Structures are given as C-alpha cells and as structure tokens.
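Here are my notes on this structure, written for someone opening it for the first time. Have a look at the model, then go through the points in order.

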Amino acid sequence: MSIDLETAAKVAKLARIKVEDDALPALADEFNTILGFIEQLNEVDVDGVEPMTSVTPQRLKRREDVVTDGHMPEKILSNAPDAREGFFAVPKVME
Amino acid sequence: MTELNKLTLAEARDKLRAGDVTSVELTQACLDAIEGADALGAFVHKTPEIALERARAADARIAQGDAPAMCGLPIGIKDLFCTKGVDSQAASRILQGFKPEYESTVSQQLLDDGAVMLGKLNMDEFAMGSSNETSVYGNVVNPWKVDDRALTPGGSSGGSAAAVAADLCLAATGTDTGGSIRQPAAFTGITGIKPTYGRCSRWGIVAFASSLDQAGPMTKDVRDAAIMLQAMCGHDPKDSTSADIPVPDFEAMLTGDVKGKVIGIPREYRMDGMPEEIEKLWADGTAMLKDAGAEIRDISLPHTKYALPAYYVIAPAEASSNLARYDGVRYGHRAKLAQGDGITEMYEKTRAEGFGHEVQRRVMVGTYVLSAGFYDAYYNRARKVRTLIKRDFEQVFDSGIDAILTPATPSAAFGLGEMAQADPVQMYLNDVFTVTVNLAGLPGVSLPAGLDKQGLPLGLQLIGRPWEEGDLLNTAYALERAAGFVAKPAKWW
C-alpha cells in the first residue's frame, strides 16, 4: 500500500489538521515509511486469534446510571479560549 | 553531611522522622539546585511557593507523628499530570495556559501523603518521543556528559529522568506508554518502574494511548521505587480500568533473597548489530542473578519482532482518538481566524498550530489505520498480534519463570540532534526492548547496571508477572546490590 498525495490530503482533512499543499509530498513519504514498517504484521499468522480488547482480564466496573457530579459551569469554562454568558463560543456554524 | 538534595527518599524519610532535618530544609536545598540547573531544561513550571507551603505543612504533620512515607519529600511531577491551578500542558503548544481545575489521582495521592511538589517537568509533547526533542519547551539535556556533545536524557519522561539524575529533586513521577519511564531511566543512570496496567489510576493524566499508558516512579534506587510506587498505586473509581485489588507493602518485600527464583533470558532480545557492551552487560546481569541463587533459563518470546509495528498501529490509533478533544473550544490554544473562517477552519488551523510535527504525524497515522477500508487490515490485525505477544509471556510465566531479564535499551544515550535526519522508524527502535511490556500490560523495571566505554550509564530491564511488582522489585533489589552501580554525573551545569 502506497500513500499518494490525494490520500495524504484526505487523512489530514479527516484528522482536522491543516497541511499546506507544498508539505504534502514530505508527509506522504513519512506515511509510507511508517506504513512500510507496519506491513511486517502481514507475516504473522493471526487465523483464529481474537483481537485484544482489554489487556487485563477483569470486567469493567458498573455503577448506577445516575448523575454524580455537576453544577460547576464556571470551572468548566475557566480554560476556554472564548466563553460568553455561560457558554463556549465558536465561529458561526450555520449560514 | 551529604547535601540534602542528594539524599534518597528512604534516607530523607528516616532523617525527617528522626528530627535530623526538616522538610523545609530539604525543599529549599532542591529549590536551590533547580535554580542553578536551567541549562538542563528539566523543570519547566517551577512552583517554589507551593513547595514551601507544603513543606511547612509536612513538618507540622511529622511533628505530630502522623507521617506517611512520602511526607515532606520534595519531588517533581511530569507535565503530563494535571495539577490543580498549576500549568499542565503535556509539553504542547495546544495546551498553553491550561490550568486544570482538578488534580490527577496519582498526584493527589502523593499530595495526600504529604509529598512536596517542586514543579512540573519537561517531556516529549504528549509523551510522544524517545529523546525529549519534541517538547514545546525545548530539549532536556542529559546531566551525563562525556565530550562536548549535549546528550539526550531519553524520552518521553526526559525531564523527570534528568531532574532525578542531577539531584534537583529526590524523585519524580513518570509515565510509560512504550518505554517512556524505563528508557530515560536507563539513559540517566536511575531506576524506573512501569507497574502492571491498572495499578496506577490514569485519571487526570493527559491521555496518549489509553490501553498502554501507566504512571510510575523514577527514583535514585530500587528501595525508593518501592516506597514511591506504594503511594502512587491503588484503586480509583474514576478510572474504569483501575484494578480493585490490594496493594502489598512493596518496601517490606525487599529482602534481596532470590534463591530458587527462575529468571528467563529471551533469545529474541539478542538483536543483530547489538553493541558488544550491551551484550556484556546482559551477560553480567545474568551471572549476578545466578550467583545470588536464581536459576537461569533460556526462553523464547516468538512474537517479539512484531511488537514495535503493532505498537505503531495501536498507539497512534488511540492517540488520534484521544487527541480529538484538542479543538480550540474548551481549553488551550485557538488559532486566530481569518474573515469568513468557519468552525472547520478553526479546528484545522488550531490543530496545525498547536500540535508539533511528531504529534501531527502520529495523529494522522492513527486516523489512517482507523479509516474505513483499513480498520481490519491495520488496526484489527495489530490487536490480534497484541494477543499473541501477551500469550508469549503467559506461556513463559506458566512454565515457571518468575521474571525476565533483558537490556533496557539498544544503546547508551545519544547526542541531541543526532537522529534529526533519520527516518521516524529509527527513533522508534529505541523502545524495542520495552514496548512488549506495555502491549502485554506487565510490570517492568529498569535499573542502572554499568557504564559503557565512554562512561555513560547502561540499564537492564526486569519484566515480572502481572500484579507482582513486589516480587519484581525484590529481584531488581538483588541485582542492584550485586551490580553496585554508584556512578553520578559530574556537575557541569
């Protein structure tokens, strides 16, 4: 599998990272180096092997589905780059 | 009398309890050492006022006879840990100015025990790196120096390693996703343990790869690792993967007696082109454990070769998901927008400006391996290989092996900038001996065992059974005593 410029641009878009057009060739090269390294995994016989979901065999803990925390909007907003009237503010999302 | 900042945790604890020294004196000695060590780049947010306030509180507590082991002991905290009201930015521009409203469970437990935070320690950005060269704060320099080169302290816990090795603090917290405690410990001649996955709560630690991340102590010796790990461990309802099992008294388990223990030597860790000195160190370590009464057995971990490629699918995949939260909305950096820019441009520009090159690369690799059409070929295949890697270890432990001895790193510390022209995979090879342990969720400890020809420290790694950190630390203690490593870097900073 080789990554072309179009794929590199698509991945950048999916990751929501702006990559200038002139930086795409170098990025695609790096992807190809890393993916070339990862390709080794194809040598392994994984027939009938379950993909790991949890490294320790324990079952995740359960608790009642109830509210346990809250009522601290000032704390939640204290690090926001732009907070107004108790809300996070972002650029307009609808025309 | 030894300078106070040079004490181990155990020595300082005993002196505090005996009334020979105060926490304020210990803390001031460390603060003075930190002030004179800017050339190392280890401490990036200094908190002297907080430190002295906590030291005074610790002294009052000790005077009342209520003193847990860590009470009054000055330590550094890796920048990856959220600390209430104190900058916590994972060495990334995207978290510039972020001051958490909460404290991570691990740092809270240390605080509850009376430990004194001196400040936050430098690291690779989001813990992604093996040389501490991806930090927004700039490089950390290894206190060890053998010529005019500035050497890497390793990564990602490079600031923690350098600070402990240079006696700027008595000990420090680290985190380890693929070797980030053990590799820098080896490069700086100190001890570091990554406990079993689930031992330390991950709550409040900036997430990199959640199925691999574990916190652990970085200390001057094995006893200190036992003392500090004790304070960091324990069940936390706020982390759903935190293990609800008792934590034994690790320090009490340090007897140095390894008679009858079976130590495995994995043949797959003998890499082509491995430096002779590393081979010799490994053979010497094996002989020391044998002399101490352990039985040595050759073992095989056949899927070792596939650990790094599996890691470089799984870790970026999890990182791409975890780092999706840095969007310029809730905290940290937001890019300045142009006229007409919408929310998508805000995300894209913020993340391009806020993330460094290595972080961007890993997020995008992770995005790719999780994307439609490639999920099975990459991500699921890597998770299957991970199952096989864990099975290798289970079979070895089932056959009666108590611990596995390997080199900690494939080389001694290298020069900062020396890997700049290498492709990213060359840097990833630093973690070849450590990354298997994260994939299998096992405890692993790195301890200094000798110097190379240049005079730089080299480390050995011991890997233990799940939840048996106490036994593992005891084996490490026996090895430490036999190796007798006492070298310290000569002060040049």
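Which element gives the most to the lining of the largest cavity? That is point 2; a word on the model comes before it.

1. This is a predicted model, where local features need pLDDT of at least 70, side-chain atom pairs count only at pLDDT 80 or more, and totals for chains, interfaces and linings use all residues. Residues are numbered from 1 along each chain as its sequence is written, chains are lettered from A and ligands numbered from 1 in the order in which they are written, and side-chain values use heavy atoms, with hydrogens and water left out.

2. The answer is α4(B), with three residues. Helices (H or I, at least four residues) and strands (E, at least two) are DSSP runs, numbered from the N terminus. A cavity is a set of points on a 1 Å grid over the protein atoms alone where a 1.4 Å probe fits but cannot get out, and lining residues have an atom within 4 Å of a point.

3. Among the lining residues are Arg54(B), Glu103(B), Leu110(B) and Met117(B). By class, the lining has seven nonpolar, two polar and two charged residues (Ala, Val, Leu, Ile, Met, Phe, Trp, Tyr, Cys and Pro count as nonpolar, Asp, Glu, Lys and Arg as charged, the others, Gly among them, as polar).

4. Now the largest pocket: it holds about 780 Å³ of space. Of its 25 lining residues, Cys82(B), Phe98(B), Tyr102(B), Trp203(B) and Tyr331(B) are the closest to its centre. A pocket here is an open set with protein on both sides within 12 Å along at least five of seven lines. Its lining divides into 14 nonpolar, three polar and eight charged residues.

5. Chain B as a whole has 15 helices and eleven strands. Its C-alpha atoms fill a box of roughly 70 × 55 × 50 Å along the principal axes. Of its 493 residues, 65% count as buried (under 20% relative accessible area, with a 1.4 Å probe and protein chains only).

6. Thr436(B) is buried, at a relative accessible area of 1%. Beyond its neighbours within four places in sequence, Thr436(B) is in contact (heavy atoms within 4.5 Å) with Tyr269(B), Thr304(B), Ala307(B), Ile389(B) and Phe393(B).

Key:
Buried means under 20% relative accessible area, exposed over 50%, partly exposed in between (1.4 Å probe, protein chains only). Grid points are joined across faces, edges and corners, and a volume is the space filled by probe spheres set on the points.
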